[in-house]
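Please look over the chain shown here.

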Amino acid sequence: MKLLLKFNLVFLLVFVVGLGAAGYIARTMLQKGAHEEVLGHARLMMESAVAVSAYTATQIKPLLENQMKYGFLPQSVPAYSSFEVVNALRAKHPDYSYKPAMLNPTNPRDRAQDWEEDIISQFAKNTALTEYVGQRSTASGQAMYIARPIRITNPLCLQCHSTVDAAPPTMIEKYGPANGFGWKMNDTLGAQIVSVPMAVPLKRADDAFGVVMGSLAGVFVLIGGVLNLMLWKLVIQPVTKLSGLADRVSLGELDAPEFAVGSKDEIGTLAESFARMRKSLVHAMKLLDD
């Protein structure tokens, strides 16, 4: 097997192993970065919802107390305000969503779906759990969701949700007496859930992965070409000439031309050794002739 072929087989093996290892590391890091980006967006939406709820409870609701005597205004409910404000994003980002999913909501639109009920049950089983992150399939692709429990910690909330008799008549008139009652302090009543699509960050990660792998492959090919050229010019070509000259001398062609090499590397040392051996052989042949 030719030296150049052996070299290229070894280089190809190193290339495949190195490219595979680099690809695995690069893809892992890019996918992790995409997931962290999506999770960051989800947490930002969640904090926005929390901020809107707090603003509504502390500044909007007190301003509407007089009007609430004549008609129930859902804009005074923190969960309603956060839902309306955050979901306004869906006008431009329809795959983003926020929902205060409840097991027994006053407003029917807040009723939890099956997969949301599973999340709420996780919070109910583990009261120390403050955040739950997961993924689910949607019509537009994979989405990451982040959920936080909804628990009654403010006794004022029970004025509207403890019993039908204690609730404001205007609220009963708007939503009826069937839902949103029987709530108790510190019970897990639902979960705030934000869903963020993963398609765009994952596509960016895949595109970046393609660029990285293409660049690495190009670098490996360039290095391989340069090494092959250097191996041919500096090693194989001189050794081939020296081998041919040695064959001619070994067959008795003592007047074969000298092997000229100007390098001081190993090939040059080999050529000098061959020249000395040739002179010794010529001298020995002359002594025999005499």
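The sections below cover fold elements, extent, surface and core packing.

## Elements and extent

This is a predicted model. The chain holds eight helices and four strands. Read from the N terminus, their order is α-α-α-β-α-β-β-α-α-β-α-α.

The chain is more spread out than a compact globule, because its radius of gyration is 40 Å, well over the 19 Å that the globule rule gives for 290 residues. The C-alpha trace spans about 135 × 35 × 30 Å along its principal axes. Among contacts between residues at least 6 apart in sequence, 64% join residues at least 24 apart.

Of the 290 residues, 32% count as buried. The accessible surface is about 17,900 Å², and carbon and sulfur atoms account for 63% of that area.

## Nonpolar cores

The largest nonpolar core consists of 17 residues, and Tyr98, Ile146, Val194 and Val196 have the most contacts inside it. At least two residues each come from helix 1 (3–63), helix 3 (78–86), strand 3 (141–151), strand 4 (188–197) and helix 7 (199–250). Helix 1 gives the largest share, seven residues.

Apart from neighbours within four places in sequence, Val196 is in contact with Val38, His41, Ala42, Met45, Tyr96, Ala143 and Met144. A second, separate core has nine residues, among them Ile119, Phe123, Tyr145 and Ala191.

Methods
Residues numbered from 1 in each chain as written. Predicted model: local features only at pLDDT ≥ 70, side-chain atom pairs only at ≥ 80, totals over all residues. Heavy atoms only, no water. Core = buried A, V, L, I, M, F, W, Y, C linked by side-chain atoms within 4.5 Å. Buried < 20%, exposed > 50% of the residue type's maximum accessible area, 1.4 Å probe, protein only. Contact = heavy atoms within 4.5 Å. Rg over C-alpha atoms; globule rule 2.2 N^0.38 Å. Areas by Shrake-Rupley, 256 points an atom, 1.4 Å probe, with all protein chains shown as cover.
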